[in-house]
Amino acid sequence: MRMKSLFDADTRVEVISRIRRLSPDAPRQWGTMTPAAAVTHMSDQLRMAFGDIVRRSPPRVLSYWPLNLLAIYVIPWGKGQGKASPETLATKATSWDADQAAFIALVERFSAADPNGRWPADAVFGSINGPAWGVLCYKHLDYHLRQFGC
């Protein structure tokens, strides 16, 4: 079975459709984030993938090979078990419509990027290549969209 990736056009369309279904008052299934906080958090992760937000956190155990690739490609992510890096909690919510539109634009920008280009380090998973970023971003977005029933 092939892993879903934000570089895949069908996956991008699916994710954007789910983002559009997300509402600011959606009840969470687990965790403590609100939908507005999750949208800006997911947007910050995409900004980190572009290098717009720079990793400042010290390396974690999942920052090293092969653990980083196992966590991205193999190990399922349990509900409420992850801890966000401070870098991906930098942007504060403004208006729902503006934040949601900016998030969709970031998903589209990511999907249009070259997976074989240079990619910066992630705050949690360290140095990874473009294809791993595509899977990581999909899994992260999927995790939070499911958190709110989308």
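Lys 4 has a relative accessibility of 38% and counts as partly exposed (buried means under 20% relative accessible area, exposed over 50%, partly exposed in between, with a 1.4 Å probe and protein chains only). The model is predicted: local features need pLDDT of at least 70 and side-chain atom pairs count only at pLDDT 80 or more, while totals for chains, interfaces and linings use all residues. Residues are numbered from 1 along each chain as its sequence is written, and side-chain values use heavy atoms, with hydrogens and water left out.

The side chain of Lys 4 forms a salt bridge with that of Glu 14, at 2.7 Å from N to O (a salt bridge is a side-chain nitrogen of Lys or Arg within 4 Å of a carboxyl oxygen of Asp or Glu). Glu 14 lies in helix H1 and Lys 4 in the segment before H1, so the pair ties together parts that are 10 residues apart in sequence. Helices are DSSP runs of H or I with at least four residues, numbered from the N terminus. Glu 14 is partly exposed, with a relative accessible area of 24%.

## The salt-bridge network

Glu 14 also meets Arg 18 in a salt bridge of 2.9 Å, N to O. Both residues lie in helix H1, four residues apart, which is about one turn of the helix. Arg 18 counts as buried, at 6% relative accessibility.

A salt bridge of 2.9 Å, N to O, joins the side chains of Arg 18 and Asp 142. This pair links distant parts of the chain, with Arg 18 in helix H1 and Asp 142 in helix H5, 124 residues apart. Asp 142 is buried, at 16% relative accessibility. Through shared partners, salt bridges join Lys 4, Glu 14, Arg 18, Asp 142 and Arg 146 into one network. Leaving out residues up to four places away in sequence, Arg 18 touches Tyr 138, Asp 142, Leu 145, Arg 146 and Cys 150 (contact means heavy atoms within 4.5 Å).

## Helix pairs

Two packed helices are described by the angle between their axes and the distance between the axes. The axes of helix H1 (residues 9–21) and helix H4 (residues 96–112) come within 10 Å and cross at roughly 175°. H1 is therefore roughly antiparallel to H4 (angles over 145 degrees count as roughly antiparallel). On the H1 side the contact is made by Arg 12, Val 15, Ile 16, Ile 19 and Arg 20, and on the H4 side by Gln 100, Phe 103, Ile 104, Val 107, Glu 108 and Ser 111.

H2 and helix H5 (residues 130–147) have axes that come within 10 Å and cross at roughly 175°. This makes H2 roughly antiparallel to H5. Residues of H2 including Ala 38, His 41 and Met 42 meet residues of H5, among them Trp 133, Leu 136 and Cys 137. Axes are lines fitted to C-alpha atoms, for helices over the stretch in contact, and angles run from 0 to 180 degrees between N-to-C directions.

## Loop residues

Glu 87 lies in the loop between H3 and H4. Glu 87 is buried, at 6% relative accessibility. Apart from residues up to four places away in sequence, Glu 87 touches Asp 44, Met 48, Ile 53, Val 54, Arg 55, Arg 56, Ser 57 and Ala 123.

Arg 56 is in the loop between H2 and H3. Arg 56 is exposed, with a relative accessible area of 68%.

Conventions:
Helix = DSSP H or I, 4+ residues; strand = E, 2+ residues; numbered from the N terminus. Parallel < 35°, antiparallel > 145°, perpendicular 65-115°, else oblique.
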